[in-house]
Amino acid sequence: MEASIKQGKSLLHNKVYMRVYSAYATAAFGDWFDSLAIQVLVGYRWHASPLMLALIPVAVALPSVLLGSVAGVAADRLNKLKLMRTCDLLTAILTVLVLFAPNMVWLLPLLALRSALSTLNVPAQQSMTRSIVREDQLLQATSLNGIVNQGSKIAGPLLGGVALTLLSPQWCILLNAIFRVGSYLLLLSVKNIHTGDEHPAVEVQEGRVPLRTMWAEGWGFMLRSRLLLHTMLFGLTGALAIQIIDFQFTSLFRVISPLNESLLGWMVAASGAGAVSVILLLGKLKPGTRYGLRLGMGYVLIGGSVGGLGLLQPGASVIWVLLFGWILGLGNGTFFVTFNYCLQKETPPHMTGRIFGIQSSILGLVMITAPLLGGWLVEVAGPGRIFMNFGMIQVLLGLVGVLFGRVLWPEAKRESVQPMVEHS
């Protein structure tokens with residue numbers, strides 16, 4: 001890759017990044033149309049039970065567990081741009097097939113296949129970002145990615161809610177397929193680039209290293225790095241609590257407002273607004289490395305809002321839903337930017353794909369067990385009590401990060417980063 005790609009006062013001057021960023025934004029926007037439509041279709045129109053609702057994130061997570069680490073190796077070894085293009089095109093095709101799913105028996109396998117493509121795409125996108133962006137611009141890039149992810153929560157559910165009012169959930173799913181084609185076309189406009197100029201010798205040698213060796217090196221590097229290991233474990237513990245209730249919002253809102261299908265969309269939009277506001281603030285602050293404080297505060301805000309939603313009674317004002325949704329977004333935005341910035345910052349460019357692939361595997365493992373447990377707990381105890389209890393657990397976990405952050409994420413001793421493939 002030519003040096004000029006990384007030059008410029010701002011990421012806005014990086015034409016390669018902006019095109020990749022635009023493709024990512026297009027795909028993320030379509031995903032929220034799709035996600036909302038599927039939840040409404042299954043929860044309100046198919047009247048699925050909490051346990052059946054829990055099978056959706058399980059189907060989505062299973063490919064991450066099976067393929068996450070391998071996908072990370074592929075992202076570090078294969079042409080990232082071609083991999084992202086292929087994933088977008090195949091995702092669009094599978095999304096069209098989702099349109100014709102008549103029930104959960106057909107829907108779940110299609111969602112699993114589509115998730116497998118996403119498992120390949122995410123490490124490639126993160127690895128490419130690390131390669132085409134200067135290190136001093138990583139926080140800015142992470143913030144921009146976060147704005148897309150959270151900003152799509154505002155426009156996607158709002159427009160999706162309008163579409164659901166006028167049309168059927170299938171139209172929202174079709175819109176996701178159209179957006180994926182748009183993302184594919186944007187990536188086609190990006191010329192083939194060389195991503196690895198910081199370690200050209202490493203890249204050449206990586207092509208000769210067996211996949212198993214590269215996979216083992218990724219796990220070995222992560223386990224030896226205190227910062228990465230503690231970040232992964234903290235994220236794993238928090239994800240376990242979050243995923244237990246994450247796909248049960250439909251169950252909760254069916255109790256709070258059984259006739260208002262759009263309430264979930266309004267809450268998600270409020271969450272997106274809160275996330276975008278805090279991400280804009282974080283993007284202007286000095287990056288720093290106080291990971292514990294920011295990760296912990298993210299969990300405190302998430303837990304407080306989840307517990308608050310659990311306390312709402314049937315017929316509660318939509319204002320409370322919007323307020324707690326906004327606070328939830330503040331926590332999500334704080335955690336999202338800090339977590340991804342930490343992984344990007346503390347990982348050498350040639351290993352970024354593997355580290356994010358490991359993260360995908362770990363999160364996938366959580367999403368296989370936690371939603372099923374959450375579905376069972378909601379059926380036994382009701383959504384309100386479960387949301388309140390796990391909100392409190394999330395707050396306590398966040399306080400651990402805030403109070404013991406300097407111990408878990410020491411700033412003075414940063415692990416040295418050496419390309420391990422040079423010793424293969």
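A contact here means heavy atoms within 4.5 Å. In this predicted model, Ile 368 touches Val 58, Ala 61, Leu 62 and Val 65, leaving aside residues up to four places away in sequence. Ile 368 belongs to helix α14, which covers residues 352–381.

The mean pLDDT of the protein chain is 78, with 81% of its residues at 70 or more. Residues 1–8 have a pLDDT below 50, and this stretch makes 21 contacts in the model beyond near neighbours in sequence. The pLDDT is also below 50 over residues 195–207, a stretch with 29 such contacts.

A helix pair can be followed in more detail. Two packed helices are described by the angle between their axes and the distance between the axes. For helix α3 (residues 80–98) and helix α4 (residues 104–132), the axes come within 9 Å and cross at roughly 155°. Angles over 145 degrees count as roughly antiparallel, so α3 is roughly antiparallel to α4. The crossing of the two helices is left-handed.

On the α3 side, the residues in contact include Leu 83, Met 84, Cys 87, Leu 90, Thr 91 and Leu 94. On the α4 side, they include Leu 110, Leu 113, Arg 114, Leu 117, Leu 120, Asn 121 and Ala 124. By residue class, the contact of α3 with α4 comprises 15 nonpolar, 6 polar and 3 charged residues. Among those taking part are Lys 80 and Asp 88 of α3.

Notes: Residues are numbered from 1 along each chain as its sequence is written. This is a predicted model: local features need pLDDT of at least 70, side-chain atom pairs count only at pLDDT 80 or more; totals for chains, interfaces and linings use all residues. Side-chain values use heavy atoms; hydrogens and water are left out. pLDDT is the predictor's confidence in each residue, from 0 to 100. Helices (H or I, at least four residues) and strands (E, at least two) are DSSP runs, numbered from the N terminus. Axes are lines fitted to C-alpha atoms, for helices over the stretch in contact, and angles run from 0 to 180 degrees between N-to-C directions. Angles under 35 degrees count as roughly parallel, over 145 as roughly antiparallel, 65 to 115 as roughly perpendicular and the rest as oblique. A crossing is left-handed if the near helix is turned anticlockwise from the far one by less than a right angle, and right-handed if clockwise. Ala, Val, Leu, Ile, Met, Phe, Trp, Tyr, Cys and Pro count as nonpolar, Asp, Glu, Lys and Arg as charged, and the others, Gly among them, as polar.
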